[in-house]
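Subject: Structure handover

Hello,

Please find the structure below.

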Amino acid sequence: MRSDWGDVYKFAVVNGRYAATAKFGSRECLYANDPEELRAMIWRHYRPERLQDRCST
């Protein structure tokens with residue numbers, strides 16, 4: 001995921017859960033129990049209407 005999303009999310013494992021913190025907008029943090037769940041959450045979070053948030057950093 002770092003190679004695909006590393007420019008816009010910071011990744012970590014926190015208390016055994018996978019985390020992705022947005023580097024844009026209000027820096028939301030997404031948590032999931034496994035990498036596939038986190039990937040799906042990122043796809044939903046990184047939507048076209050958020051383009052202005054991503055460009056404002």
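Here is what was found, from the whole chain down to single side chains.

First, the ground rules. This is a predicted model, so local features need pLDDT of at least 70, side-chain atom pairs count only at pLDDT 80 or more, and totals for chains, interfaces and linings use all residues. Residues are numbered from 1 along each chain as its sequence is written, and side-chain values use heavy atoms, with hydrogens and water left out.

Overall make-up

The chain has three helices and three strands. Both are DSSP runs numbered from the N terminus: helices are H or I with at least four residues, strands are E with at least two. Along the sequence the pattern reads α-β-β-β-α-α. Of the 57 residues in the chain, 30% are buried. Buried means under 20% relative accessible area, exposed means over 50%, and partly exposed is in between (1.4 Å probe, protein chains only). The chain exposes about 4000 Å². Carbon and sulfur atoms supply 49% of that area. Areas come from the Shrake-Rupley method with a 1.4 Å probe; for residues, only the protein chains shown count as cover.

Contact here means heavy atoms within 4.5 Å. Among contacts with a separation of 6 or more, 27% are between residues 24 or more positions apart.

The sheet

The three strands form an open sheet in the order β1-β2-β3, with antiparallel pairing. Its edge strands are β1 (9-14) and β3 (29-32), each pairing on one side only. The twist averages 20 degrees from one strand to the next. Two strands pair if DSSP finds at least two bridges between them.

β1 and β2 (residues 17-22) run antiparallel and are joined by six bridges. Tyr 9 stands opposite Ala 22 in β2. Ala 12 has Ala 19 as its bridge partner. Val 14 stands opposite Arg 17. The hairpin of β1 and β2 has two residues between the strands. Asn 15, in that turn, has a positive phi of about 50 degrees.

β2 and β3 also run antiparallel, with four bridges between them. Thr 21 has its bridge partner, Cys 29, in β3. This hairpin has six residues between its strands, and Gly 25 takes a positive phi near 60 degrees.

In a regular strand the side chains alternate between the two faces of the sheet. In β3, Leu 30 and Ala 32 form the covered face. Cys 29 and Tyr 31 form the uncovered one.

Axes are lines fitted to C-alpha atoms, for helices over the stretch in contact; angles run from 0 to 180 degrees between N-to-C directions.

The largest nonpolar core has 12 residues: Trp 5, Val 8, Tyr 9, Phe 11, Ala 20, Ala 22, Phe 24, Leu 30, Ala 32, Leu 38, Met 41 and Ile 42. Such a core is a set of buried Ala, Val, Leu, Ile, Met, Phe, Trp, Tyr and Cys residues joined through side-chain atoms within 4.5 Å. β1, β2, β3 and α2 each supply at least two residues of this core. The largest share, three residues, comes from α2.

Residues to look at

Tyr 9 has contacts beyond its neighbours within four places in sequence, including Leu 30, Ile 42, His 45 and Tyr 46.

His 45 lies in helix α2. Is His 45 buried or exposed? His 45 has a relative accessible area of 10%, so it is buried. Its side chain makes a polar contact of 2.5 Å with that of Tyr 9. Another, of 3.2 Å, joins the side chains of His 45 and Glu 28. A polar contact is a pair of N or O atoms within 3.5 Å; within protein, one must be able to donate a hydrogen and the other to accept it, and residues adjacent in sequence count only if both atoms are side-chain atoms.

Glu 37 is also in helix α2. It counts as partly exposed because its relative accessibility is 31%. Glu 37 and Tyr 18 are 19 residues apart in sequence and 9.0 Å apart in space, C-alpha to C-alpha.

Best regards
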